[in-house]
Amino acid sequence: MAKSFENEHPIKAFGWATRDTSGVLSPFNFSRRVTGEKDVQFKVMYCGICHSDLHQLKNEWGNSKYPMVPGHEVVGVVTEVGSKVEKFKVGDKAGVGCMVGSCRKCENCSVDLENYCPRQIPTYNGYSLDGTLTFGGYSDMMVSDEHFVVRWPENLSMDAAPLLCAGITTYSPLKYFGLDKPGMHIGVVGLGGLGHMAVKFAKAFGTKVTVISTSANKKQEAIEHLGADSFLISRDPEQMKAAMNTLDGIIDTVSAVHPILPLLMLMKSHGKLVMVGAPEKPVELPVFPLLMGRKQVAGSCIGGMKETQEMLDFAAKHNITPDIEVVPIDYVNTALERLLKRARNDISHSVSLLRLH
């Protein structure tokens, strides 16, 4: 007999799920575990629609498990806490990002890098410790171990939920690779959900920011709206040549395959090109430009729980929020289609956000 997701756990829950690689979402009754002694249960108020949700819904990364309730930028209000929970009480604002578990014992976990734990449990499209599928934030409520729940700052609007993915994905590499020093010159490639957050954080750190895009129509929003200092059209050889050897580092947010060589040429000696987008196919890496200037190409993926909390507190202090478009949950399929079109045509950086309550 087929397993009933509605009766798998004791607490009834409701969300929107896709059942197959069509990626089409529809209403889904399922269940959540009972709030354990170290668990926090919360009512979901907002959940961001991340570009990675599109990849996962359609199994473009080859690891999708169905049925799937996506969503890993989740913010809500605490409704119940376990007896050993220390950080939260009922009524607090709380958030869950891209993970809900890790081994808590390995080398990475011991230094607050749960995001690099080999046994990390993703917020959706993964398996809980009891072997059941994890279901994400396109739902009415969540239950999570308090270690993987962040305190939502009082002066930060709950609709800034995309900070939990796009925010930490760009904040972490800027900090780790030392690209957060005032006066540095930082490049940001792509101006979608990740790119616009990279610009906002880099500016808050006091750096000079150049946005690099294939799309000339992004110039006005990059400079006038987001506060970037300059704008480069990557398809314009003259502009790219004039900007050679000017950047201390680059955050590359593009998730499509694209040439790396022109970006390496923009950097000074010892420059760091950090990839945070996730192209489905390999990109070509020319080695000579790395040698001739001791340049680095690196990657970065979200951040640990301690750093995610630090990022939220920094965002609250400096009033850094994502540019969002709030949509009701029953509009989710249209919102996903629009996200795909926007990404393909490079036409907008605003992030769609689901309102759940």
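In the predicted model, the accessible surface of the protein chain amounts to about 15900 Å², and carbon and sulfur atoms contribute 53% of it. Of the 357 residues in the chain, 55% are buried. The chain contains 10 helices and 17 strands. Its radius of gyration is 20 Å, close to the 21 Å given by the globule rule for 357 residues, so the chain is as compact as a globular protein of that length. Along the principal axes, the C-alpha atoms occupy a box of roughly 65 × 40 × 35 Å. Among contacts with a separation of 6 or more, 68% join residues 24 or more positions apart.

Helix H4 spans residues 193-204 and extends 17 Å from its first C-alpha to its last, close to the expected 16 Å. Because 9 of its 12 residues are buried, H4 is largely enclosed by the rest of the structure. The buried residues are Leu-194, Gly-195, His-196, Met-197, Ala-198, Val-199, Lys-200, Phe-201 and Ala-202. They pack against helices H3 (166-176) and H9 (305-318), and against strands S10 (185-189), S11 (208-213), S13 (247-252) and S17 (351-355). Gly-206, which follows H4, has a positive phi near 90°.

A nonpolar patch on the surface is formed by Val-287, Phe-288, Leu-291 and Met-292, which together have about 490 Å² of accessible area. Val-287 lies in the loop between strand S14 (267-275) and helix H8 (288-291). The relative accessibility of Val-287 is 47%, so this residue counts as partly exposed, since the exposed class requires over 50%.

How values were computed:
Residues numbered from 1 in each chain as written. Predicted model: local features only at pLDDT ≥ 70, side-chain atom pairs only at ≥ 80, totals over all residues. Heavy atoms only, no water. Patch = residues over 30% accessible without salt bridge, like charges linked within 9 Å, V, L, I, M, F, W, Y side chains within 5 Å. Areas by Shrake-Rupley, 256 points an atom, 1.4 Å probe, with all protein chains shown as cover. Salt bridge = Lys/Arg side-chain N within 4 Å of Asp/Glu carboxyl O. Helix = DSSP H or I, 4+ residues; strand = E, 2+ residues; numbered from the N terminus. Buried < 20%, exposed > 50% of the residue type's maximum accessible area, 1.4 Å probe, protein only. Expected span 1.5 Å × (residues − 1). Contact = heavy atoms within 4.5 Å. Rg over C-alpha atoms; globule rule 2.2 N^0.38 Å.
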